[in-house]
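Subject: Structure for your review

Dear colleague,

Please find below the structure that I am handing over to you.

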Amino acid sequence: PVGFAHGFCTLEPDTEVAYKVTAYYSAECDRGVLWSDPAIAIDWPVDPDKAQLSDKDRKAPRLAEAPDLF
């Protein structure tokens, strides 16, 4: 849904992910939360020390520290 966080974890090299969106990308609307935030408690099937992340995702705030957007 619009405004709902989403994340992807691939376990195979050279994986491509495609998904539908409701509008064109807008950098000023781009937000994120830390993928490994214990408050969200997602059981990702990857060792956090071995996860390959973008710099942006690595520096994302925890959910409790993220700005209230709604």
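A helix is counted here as a DSSP run of H or I with at least four residues, and a strand as a run of E with at least two. By that rule, the chain has 1 helix and 0 strands. Please note that this is a predicted model.

Overall dimensions and packing

The C-alpha trace of the chain spans about 30 × 30 × 20 Å along its principal axes. The chain has 70 residues, and buried residues make up 6% of them. Of the contacts with a separation of 6 or more, 61% are accounted for by residues 24 or more positions apart.

The largest pocket

The largest pocket holds about 2,200 Å³ of space. Its lining consists of 47 residues, and those nearest the centre of the pocket are Phe4, Ala5, His6, Gly7 and Arg31.

Aromatic pairs

How many aromatic pairs does a search of the whole structure find? The search finds 2. One of them is formed by phenylalanine 8 and tyrosine 19, a tilted pair with 5.2 Å centre to centre and 35 degrees between the planes. Both phenylalanine 8 and tyrosine 19 lie in the segment before α1, so the pair ties together parts that are 11 residues apart in sequence. Phenylalanine 8 counts as partly exposed because its relative accessibility is 47%, and tyrosine 19 is also partly exposed, with a relative accessible area of 49%. The class applies because partly exposed covers the range between the 20% limit for buried and the 50% limit for exposed.

Two further residues before the helix

Threonine 15 is placed in the segment before α1, the helix that covers 55–58. The side chain of threonine 15 reaches the backbone oxygen of glutamate 12 at 2.6 Å. With a relative accessibility of 38%, threonine 15 counts as partly exposed.

Proline 1 is found in the segment before α1 as well. Is proline 1 buried or exposed? Proline 1 counts as exposed, because its relative accessibility is 82%. Proline 1 and threonine 22 are 21 residues apart along the chain, and their C-alpha atoms are separated by 9.2 Å.

With kind regards

Notes
Residues are numbered from 1 along each chain as its sequence is written. This is a predicted model: local features need pLDDT of at least 70, side-chain atom pairs count only at pLDDT 80 or more; totals for chains, interfaces and linings use all residues. Side-chain values use heavy atoms; hydrogens and water are left out. Buried means under 20% relative accessible area, exposed over 50%, partly exposed in between (1.4 Å probe, protein chains only). A polar contact is a pair of N or O atoms within 3.5 Å; within protein, one must be able to donate a hydrogen and the other to accept it, and residues adjacent in sequence count only if both atoms are side-chain atoms. On a 1 Å grid over the protein atoms alone, a cavity is a set of points where a 1.4 Å probe fits but cannot get out, and a pocket is an open set with protein on both sides within 12 Å along at least five of seven lines; lining residues have an atom within 4 Å of a point. Grid points are joined across faces, edges and corners, and a volume is the space filled by probe spheres set on the points. Rings of Phe, Tyr and Trp (its six-membered ring) pair if their centres lie within 6.5 Å; planes under 30 degrees apart count as stacked, over 60 as edge-to-face and the rest as tilted. Contact means heavy atoms within 4.5 Å.
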